[in-house]
Amino acid sequence: MKQSPTLLITRGCTPLGLALAQAAAGHYRIAIASDDTHTGNALCRRLHEDGHEALFIETIAGEVRDIQRAVNRVLSRWQQLDVVVNLPGNMLVGPFEAAQTQQWQTLASQQLMQVVNSSQSALTAMKKQGYGSIINVVPDCGLLPGPLTSASSATYAAIIALTESLNSELANSPVNAWAVALPLYQEQAEQLDATDPLSQARFKRKTRDSLNTAASLSGDILAMLKTPEATALHTPCASTRAQWRLKRWFTKRWDKKMQQRGRRYRRKGTAESS
């Protein structure tokens with residue numbers, strides 16, 4: 001009997017991680033890597049009750065030994081690692097001058113380096129077995145930087161660049177690497193860090209008003225795995241693609257749009273703080 005492929009989800013206890021695990025359970029054996037032991041173990045119990053194979057691995061974001069241990073656990077349990085999906089952590093929002101050095105360093109160590117460490121560990125294992133896919137998921141501010149997202153935009157842009165570079169290195173390899181840029185989604189309100197209450201409220205409203213959900217975006221990720229993109233960067237949502245085209249082909253219009261948004265944010269922020 002042919003075994004189902006395996007899927008390791010880092011930050012698997014985030015809203016998007018939970019939705020992805022549940023959507024993928026009928027097609028993959030699921031490994032959840034997270035520091036949330038309560039949620040992770042509860043998810044695995046539900047998947048087991050539904051007849052699916054699942055494994056929870058406690059990890060701390062950014063810890064290279066933890067992610068290597070997660071990869072080793074999957075290989076020890078199932079003898080193969082087919083797909084790794086690296087999900088983003090909390091998004092930092094707020095005026096550029098209000099973001100503290102420690103917040104920038106946290107994004108670098110817990111998000112950028114998490115992807116670096118996970119991709120390196122997975123790539124080593126996948127090259128040995130002769131196949132595999134690495135999927136790095138980021139909010140689309142990494143592709144479409146706008147006001148009040150400077151630290152997050154810089155971090156996620158670096159992850160996109162890393163993935164595109166890795167994809168080119170793997171041109172003659174059976175291992176693939178893709179970046180997926182996703183818009184804000186409703187459940188993402190739980191994953192916002194803000195420099196100030198006004199920015200927190202503004203972006204919570206954006207997530208609440210979004211038409212996207214963790215369930216719909218997890219379906220987009222799974223669909224991409226079934227029919228891999230020819231390019232390293234995948235933008236499954238029409239709204240992201242439309243803005244990306246505007247930014248690439250009508251740069252002046254894009255810049256004007258972002259500047260108008262920035263002036264509006266600053267004006268409201270000044271008025272409400274005075």
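## Salt bridges

The side chains of arginine 208 and aspartate 209 meet in a salt bridge, with 4.0 Å from N to O. This comes from a predicted model. Arginine 208 is exposed, with a relative accessible area of 56%. Aspartate 209 is exposed too, at 53%.

How many salt bridges does the structure hold? It holds two. The other pairs aspartate 66 with arginine 69. Here the closest N and O atoms are 3.6 Å apart. Both residues belong to helix α3, which runs over residues 64-78. They are three residues apart in that helix, so about one helical turn separates them. Is aspartate 66 buried or exposed? Aspartate 66 counts as buried, because its relative accessibility is 15% and the cut-off for buried is under 20%. Arginine 69 is partly exposed, with a relative accessible area of 36%. A general point sits behind such pairs: side chains of opposite charge can pair when their charged atoms come close.

## Rings and charges

A search of the whole structure finds one aromatic pair. Its members are phenylalanine 96 and tryptophan 104. The ring centres lie 6.3 Å apart. The angle between the planes is 85°. That makes the pair edge-to-face, because planes over 60 degrees apart count as edge-to-face.

How open are the two partners? Phenylalanine 96 counts as exposed, at 54% relative accessibility. Tryptophan 104 has a relative accessible area of 31%, so tryptophan 104 is partly exposed.

Charges also sit over rings. The charged end of lysine 206 is over the ring of phenylalanine 203, 5.8 Å from the ring centre. Arginine 253 lies over the face of phenylalanine 250. In that case the distance to the ring centre is 5.0 Å.

## The largest pocket

Now to the empty space. Rolling a probe the size of a water molecule over the atoms shows where empty space is left. The largest pocket has a volume of about 540 Å³. Its lining has 24 residues. Which of them are closest to the centre? They are Asp140, Leu184, Lys206, Gln243 and Arg261. Lys206 is also the residue whose charged end sits over phenylalanine 203.

Which element gives the most? α6 does, with five residues. By class, the lining has twelve nonpolar residues, six polar and six charged.

## The second largest pocket

About 420 Å³ of space lies in the second largest pocket. Its lining has 22 residues. Closest to the centre are Arg11, Ala61, Gly89, Asn90 and Gln110.

Which elements supply at least two residues each? They are β2 (29-34) and α4 (101-129). The largest share, six residues, comes from α4. The lining of this pocket divides into six nonpolar, twelve polar and four charged residues.

## In brief

Look for two salt bridges and one aromatic pair. Then find the largest pocket, with α6 giving the most residues to its lining. Finish with the second largest pocket, where α4 gives the largest share.

Notes. Residues are numbered from 1 along each chain as its sequence is written. This is a predicted model: local features need pLDDT of at least 70, side-chain atom pairs count only at pLDDT 80 or more; totals for chains, interfaces and linings use all residues. Side-chain values use heavy atoms; hydrogens and water are left out. On a 1 Å grid over the protein atoms alone, a cavity is a set of points where a 1.4 Å probe fits but cannot get out, and a pocket is an open set with protein on both sides within 12 Å along at least five of seven lines; lining residues have an atom within 4 Å of a point. Grid points are joined across faces, edges and corners, and a volume is the space filled by probe spheres set on the points. Helices (H or I, at least four residues) and strands (E, at least two) are DSSP runs, numbered from the N terminus. Ala, Val, Leu, Ile, Met, Phe, Trp, Tyr, Cys and Pro count as nonpolar, Asp, Glu, Lys and Arg as charged, and the others, Gly among them, as polar. Rings of Phe, Tyr and Trp (its six-membered ring) pair if their centres lie within 6.5 Å; planes under 30 degrees apart count as stacked, over 60 as edge-to-face and the rest as tilted. Buried means under 20% relative accessible area, exposed over 50%, partly exposed in between (1.4 Å probe, protein chains only). A charge sits over a ring if NZ of Lys or CZ of Arg is within 6 Å of the ring centre and within 35 degrees of the ring normal.
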